[in-house]
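I opened my notebook for a quick tour of this fold. Here is what I looked up, in the order I looked.

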Amino acid sequence: MRKNSVKHLTVVALLIAMGVVIPMIMPRITIGPASFTLASHVPLFIAMFFSPGVAIAVALGTAFGFFLTAPFIIALRALSHLVFAILGSVYLQKKPEIVLDNKKFQVYNFVIAIIHTVCEIAVVAIFFLSGQGVTPNNFGILLLIMGLGGVVHSLIDYNIAYFIAKPLSNIFEIPVFAKAKEKSKLK
């Protein structure tokens with residue numbers, strides 16, 4: 001038991017470190033409170049392949065990193081990732097076999113992208129309603145940019161995470177992939 005918890009703690013630490021460093025070095029597009037940093041969600045998406053606990057720890061750790069490196073509203077958007085991280089990782093625990101079926105995984109990915117984007121838009125809407133820097137004239141455009149951009153950004157990052165985690169699962173135990181392979185052998 002202890003060896004597994006040490007391994008998960010090490011994975012959490014490495015993923016948080018990646019989640020803090022990636023926004024510092026990767027290209028970023030910023031339009032008002034909307035920002036899109038390539039691969040910024042990859043560590044969190046990989047964490048979701050481990051367990052809800054790992055996903056929660058990485059979501060909190062990376063949000064803390066954003067609080068240190070980004071404007072407050074962007075850091076709050078990062079904190080909203082807790083919602084999709086919990087929902088997505090719990091679902092993966094219940095239905096791990098979707099990682100072996102690309103079509104099912106892409107449907108799951110799209111649902112996560114919608115949840116992800118809705119949560120981030122909710123954060124921006126709260127800022128808008130409290131008069132924090134978003135005017136009524138640009139709120140509609142911002143919603144469009146965040147809506148479409150957020151979904152596309154999420155889809156891309158989760159696919160990057162998937163294409164990293166899947167081959168790694170052949171040499172390093174990633175629980176969701178291990179459970180999926182075990183279930184496929186039973187069929």
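**Entry 1: the cores.** I began with the largest nonpolar core of this predicted model, which has 33 residues. I asked which of them touch the most other members, and got M48, F49, L92, V99, Y108 and Y158. Next I checked where the core residues come from: α1 (2-25), α2 (42-48), α3, α5 (81-94), α6 (102-129), α7 (136-168) and α8 (175-186) each supply at least two. The most come from α2, which gives six residues.

I then picked Y158 and listed its contacts, skipping residues up to four places away in sequence. Y158 touches F45, M48, F49, L92, F105, Y108, N109 and I112. I also found a second, separate core of 15 residues, with F36, I74, V123 and M146 among them.

**Entry 2: a helix pair.** How do α5 and α6 pack? I got an angle of about 160 degrees, with the axes 8 Å apart. Angles over 145 degrees count as roughly antiparallel, so α5 is roughly antiparallel to α6. I noted the crossing of these two helices as right-handed. On the α5 side, the residues that meet α6 are H81, V83, F84, L87, G88, S89, Y91 and L92. Their partners in α6 are Y108, I112, I115, H116, C119 and E120.

**Entry 3: T62.** My last stop was T62, in helix α3 (residues 52-69). Is T62 buried or exposed? I have T62 down as buried, because its relative accessible area is 7%. Its side chain reaches the backbone oxygen of V58 at 2.8 Å. Leaving aside neighbours within four places in sequence, I found T62 in contact with L15, I16 and G19.

Technical notes:
Residues are numbered from 1 along each chain as its sequence is written. This is a predicted model: local features need pLDDT of at least 70, side-chain atom pairs count only at pLDDT 80 or more; totals for chains, interfaces and linings use all residues. Side-chain values use heavy atoms; hydrogens and water are left out. Helices (H or I, at least four residues) and strands (E, at least two) are DSSP runs, numbered from the N terminus. Buried means under 20% relative accessible area, exposed over 50%, partly exposed in between (1.4 Å probe, protein chains only). A polar contact is a pair of N or O atoms within 3.5 Å; within protein, one must be able to donate a hydrogen and the other to accept it, and residues adjacent in sequence count only if both atoms are side-chain atoms. Contact means heavy atoms within 4.5 Å. A nonpolar core is a set of buried Ala, Val, Leu, Ile, Met, Phe, Trp, Tyr and Cys residues joined through side-chain atoms within 4.5 Å. Axes are lines fitted to C-alpha atoms, for helices over the stretch in contact, and angles run from 0 to 180 degrees between N-to-C directions. Angles under 35 degrees count as roughly parallel, over 145 as roughly antiparallel, 65 to 115 as roughly perpendicular and the rest as oblique. A crossing is left-handed if the near helix is turned anticlockwise from the far one by less than a right angle, and right-handed if clockwise.
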